[in-house]
Amino acid sequence: SLRLDPHSARVHGSLSMELLKKGDVDLAIASAEEALRLDPAHGPSHAILGQALVAKGEIEKALPSFEERVRLEPANPVARYQAAWVNERAGRLDPAIEGYREAIRLKPDHAEALCNLGLILKARKQYREALDLLEKGHAAGSRRADWKNPSARWIDEVRALAEGAERDGEK
């Protein structure tokens, strides 16, 4: 349970998440920064700060927050996924691929990581691996009530690309 202690990183971290949910990005950033001033090792506050910076469109500034959470919580698949996602948005595809692979290693049914990695590999014309990942991501995501990604369409597109590439003698 949270104590209403103004000197608690957990309190400021929770407050920053609520502020972010309500759309008050600047206050969320300030509260997350205060949480990290109080406890620089509070991983969730690094993630919230990163999310708030992303919401502000400051992808480059967000990346160190997500990378620090990975450093603090290397076995956390959510931390790995978030860092990979931000790397992807920043155009750093090799670190994004590595991060998605690590998230999947830690949580083999991580639907978003499976699909995002599949889409990157589709763009790199690695169709067979992309198809496998998208199928696994779709299977994992379809079991969730909140799954809204068009993963079935992605599978159809990649399957057609893979078949065309095989006919043309590519991978």
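## H4 against H5

Helix H4 passes helix H5 in a left-handed crossing (the near helix is turned anticlockwise from the far one by less than a right angle). The two axes come within 9 Å and cross at roughly 155° (lines fitted to C-alpha atoms over the stretch in contact, with angles from 0 to 180 degrees between N-to-C directions). That makes H4 roughly antiparallel to H5 (an angle over 145 degrees).

On the H4 side, the contact (heavy atoms within 4.5 Å) is made by Ile59, Leu63, Phe66, Glu67, Arg69 and Val70. H5 answers with Ala79, Arg80, Gln82, Ala83, Val86, Asn87 and Arg89. Sorted by class, the residues where H4 meets H5 come out as seven nonpolar, two polar and four charged (Tyr, Cys and Pro count as nonpolar, Gly as polar).

## What you're looking at

This is a predicted model, with local features needing pLDDT of at least 70 and side-chain atom pairs pLDDT 80 or more, while totals for chains, interfaces and linings use all residues. Residues are numbered from 1 along each chain, and side-chain values use heavy atoms, leaving out hydrogens and water.

The protein chain has nine helices and zero strands (DSSP runs of at least four residues for helices and at least two for strands). Written out along the sequence, that's α-α-α-α-α-α-α-α-α. The C-alpha trace of the protein chain spans about 65 × 30 × 30 Å along its principal axes.

## H3 against H4

H4 also packs on helix H3 (residues 43-55), at an angle of about 160° and with the axes 8 Å apart. So H3 is roughly antiparallel to H4, and H3 passes H4 in a left-handed crossing.

From H3, the residues involved are Gly43, Pro44, His46, Ala47, Leu49, Gly50, Gln51, Leu53 and Val54. They meet Ile59, Lys61, Ala62, Ser65, Phe66, Glu68, Arg69 and Leu72 in H4. The class tally for the contact of H3 with H4 is nine nonpolar, five polar and three charged residues.

## H7 against H8

Further along, helix H7 (residues 111-123) and helix H8 (residues 127-142) pack with their axes 8 Å apart, at an angle of about 155°. H7 and H8 are therefore roughly antiparallel to each other, and their crossing is left-handed.

H7 brings Ala111, Leu114, Cys115, Leu117, Gly118, Leu119, Leu121 and Lys122 to the contact. H8 meets them with Tyr127, Glu129, Ala130, Leu133, Leu134, Lys136, Gly137, His138, Ala140 and Gly141. By class, the contact of H7 with H8 has eleven nonpolar, four polar and three charged residues.

## The largest pocket

The largest pocket holds about 170 Å³ of space, the volume filled by probe spheres set on its grid points. A pocket here is an open set of points on a 1 Å grid where a 1.4 Å probe fits, with protein on both sides within 12 Å along at least five of seven lines, and lining residues have an atom within 4 Å of a point.

Its lining is made of Glu67, Val70, Arg80, Ala83, Ala84, Asn87, Pro95, Glu98, Gly99 and Glu102. Helices H4 (59-72), H5 (77-89) and H6 (93-106) are the elements that each give two or more residues to this lining. In class terms, the lining has four nonpolar, two polar and four charged residues.

Definitions and conventions. Parallel < 35°, antiparallel > 145°, perpendicular 65-115°, else oblique.
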